[in-house]
Amino acid sequence: MTPAEFAFVCRLVRDRSAVVLEPGKEYLVEARLAALANELQFASAGELVAAVRDTQNGALSTRIVEAMVTTETLFFRDRTPFDVLRDAVLPDLISRRAAARTLNVWSAACSTGQEPYSFVLLLRQHFPELTGWKVNVLATDLSGQVLARAREGRYNQVEVSRGLPTTLLTEYFEPTGAEWQLRAGVRGAVEFRVLNLARPWPLLPPTDLVFLRNVMIYFDSETKKALLNRIARVLRPDGYLLLGSTETILTLGSPFSRVEHLKGGFHQFAK
């Protein structure tokens, strides 16, 4: 990949998703675009980039952006945040929402769906008192392709072996060929919707819990600040924000502060 081609892809991805591809990522860009070029029957990644640059093909541009921003995910990623949910966050929210018996949860940048499905499985395993409640789990991503996979809830052996306890696999999944598919009741508990965090959002309901884990690491400081302020307009005053285990917002002047719990933590509006 030439420097000019790399620079073009960087500008395209930043404009469409706010994701910053820094120098040194040329190998990643070329590898992902080579796979996409092969799928779309272009001779090379360079030929694919030239087709987008010369024709301004919107569909091809979207495919390039999706290839660059699709990130790895797994069930119960980092485990500790789910322990924090089980032991602190959810008991508090259940107590506060007992009168309304409704919870609104948003998993942002959910990729192929393991995060929101992990949340649903956590509820099924540990919170039988939510039976009869209206629990709305919205999961969004800018990639329609990964959301199509997420809706199917179908994962290969490697994917279900990473983070998912065997007991949950046997209870909530069905074997289908060489893969495993979540049972319909779990799949139906999550609404998947295309949403680009860097573009105008549709109207979202007041939300009790937002997953924004391992997302902001790809953004510059100004984009992070703007995103946190937009999250603040969606999150209820006593709601919870979960970020990635290595992410910090201390220097961003956001309205949130971190609360430590166990060996992890969460964010709420500063008191």
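Predicted model: local features only at pLDDT ≥ 70, side-chain atom pairs only at ≥ 80, totals over all residues.
A few ground rules come with the model: local features need pLDDT of at least 70 and side-chain atom pairs count only at pLDDT 80 or more, while totals for chains, interfaces and linings use all residues. Residues are numbered from 1 along each chain as its sequence is written, and side-chain values use heavy atoms, with hydrogens and water left out.

On the charged side, the structure holds 20 salt bridges (a side-chain nitrogen of Lys or Arg within 4 Å of a carboxyl oxygen of Asp or Glu). One of them pairs Arg213 with Glu115, at 3.6 Å from N to O. Arg213 sits in the loop between β7 (207-212) and α11 (221-234) and Glu115 in helix α6 (residues 114-126), so this contact ties together parts that are 98 residues apart in sequence. Helices (H or I, at least four residues) and strands (E, at least two) are DSSP runs here, numbered from the N terminus. Both Arg213 and Glu115 are buried, meaning under 20% relative accessible area, with exposed set at over 50% and partly exposed in between (1.4 Å probe, protein chains only).

Arg154 and Glu179 make another salt bridge, at 3.9 Å from N to O. Here the link runs between strands: Arg154 belongs to β3 (residues 154-156) and Glu179 to β5 (residues 179-182), so parts 25 residues apart in sequence are tied together. Arg154 counts as partly exposed at 24% relative accessibility, and Glu179 is partly exposed too, at 30%.

Lys225 is partly exposed at 29% relative accessibility, whereas Glu222 is exposed, with a relative accessible area of 54%. Elsewhere, salt bridges with shared partners join Asp92, Arg96, Arg97, Asp208, Arg236 and Asp238 into one network.

The largest pocket holds about 770 Å³. On a 1 Å grid over the protein atoms alone, a pocket is an open set of points where a 1.4 Å probe fits, with protein on both sides within 12 Å along at least five of seven lines; lining residues have an atom within 4 Å of a point. The volume is the space filled by probe spheres set on the points, which are joined across faces, edges and corners.

Of the 34 lining residues, Val69, Thr71, Asn214, Val215 and Tyr218 are the closest to the centre of the largest pocket. Helices α2 (26-39) and α4 (58-69) each supply at least two residues of that lining. By class, the lining has 19 nonpolar, 7 polar and 8 charged residues (Ala, Val, Leu, Ile, Met, Phe, Trp, Tyr, Cys and Pro count as nonpolar, Asp, Glu, Lys and Arg as charged, and the others, Gly among them, as polar).
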